[in-house]
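This briefing is intended for a reader meeting the structure for the first time. Please view the sequence and the model together before turning to the points below.

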Amino acid sequence: MTINNVLYEKAKEEMLTASGEDCQHFFVKNNCLLELGYWELLHENPTKADKIFKKICDSDIRASWGLFISALARGEVRDYPTYFELRNFLEIDLNIFLTYCLGDYVENIIKYADWLYTINPEVHKFIGRVFLKNGFEEYGLFFLNRAKDYFFTDPELHYLLAEYYAQNNDTEKTKVAIKDCLNILPGYYPALALQEKLKLNCKE
């Protein structure tokens, strides 16, 4: 069966942004099992989601991850995710869960943040960035600063903090964050561009 790419992208966008329900019918009609599994998970039917993911998890890494994140969203640990699964999928899924106001899912997942960090040291940064993006600044800063305790040598982490402080007109903290970033990686372009834009002397 050939899927109409335009209609597929429209259905996927509807699901990711919680902007429509017609996407479910499209996924069923076109046998889009991964997307249908996510639709069920996002509509709080994790048992149905798991049954769908299991059908394709041996051939689709995203479905294998789907089984893991579905369990974790319920506060259960099943198997171990890989470094690259966490890097590629955690931030995306947390953002979708917040879009759907699935606070219980998010809370259950972040309970395991310190454990997930042992697999991928960027986990706290991923979580912090999602919270900031969705307007939960207190939680975002908590996780970004938590990341500093574990993975201080990540230049992107300091840049994210610098960007946040700059948006909130905190010049001194912006300068410190840019300085920390550039001390780790002197050529980090986003930090250099932000420093130039704000006309800051971060060497003081």
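Predicted model: local features only at pLDDT ≥ 70, side-chain atom pairs only at ≥ 80, totals over all residues.

Setting aside neighbours within four places in sequence, H124 is in contact with A113, D114, Y117, F143, L144, R146, A147 and Y150.

**H124**
- H124 belongs to helix 9.
- The relative accessible area of H124 is 0%, so this residue counts as buried.

**Helix 11: extent and surroundings**
- Helix 11 covers residues 155–167, which makes 13 residues.
- From its first C-alpha to its last, helix 11 reaches 19 Å, close to the 18 Å expected at 1.5 Å a residue.
- Because 10 of its 13 residues are buried, helix 11 is largely enclosed by the rest of the structure.
- The buried residues are P155, L157, H158, Y159, L160, L161, A162, Y164, Y165 and A166.
- The cover over these buried residues includes helix 9 (123–133), helix 10 (137–150), helix 12 (171–184) and helix 13 (189–198).

**Helix 11: its two ends**
- At the start of helix 11, the backbone nitrogen of E156 has a side-chain oxygen of D154 within 3.0 Å.
- After helix 11 comes N169, which has a positive phi, near 60°.

**E91**
- E91 is part of helix 6, which spans residues 83–99.
- Apart from neighbours within four places in sequence, E91 is in contact with F126, R129 and V130.
- E91 and R129 are 38 residues apart along the chain, and their C-alpha atoms are separated by 8.1 Å.

Note on methods: Residues numbered from 1 in each chain as written. Heavy atoms only, no water. Helix = DSSP H or I, 4+ residues; strand = E, 2+ residues; numbered from the N terminus. Contact = heavy atoms within 4.5 Å. Expected span 1.5 Å × (residues − 1). Buried < 20%, exposed > 50% of the residue type's maximum accessible area, 1.4 Å probe, protein only. Polar contact = N/O pair within 3.5 Å; in protein donor to acceptor, adjacent residues only side chain to side chain.
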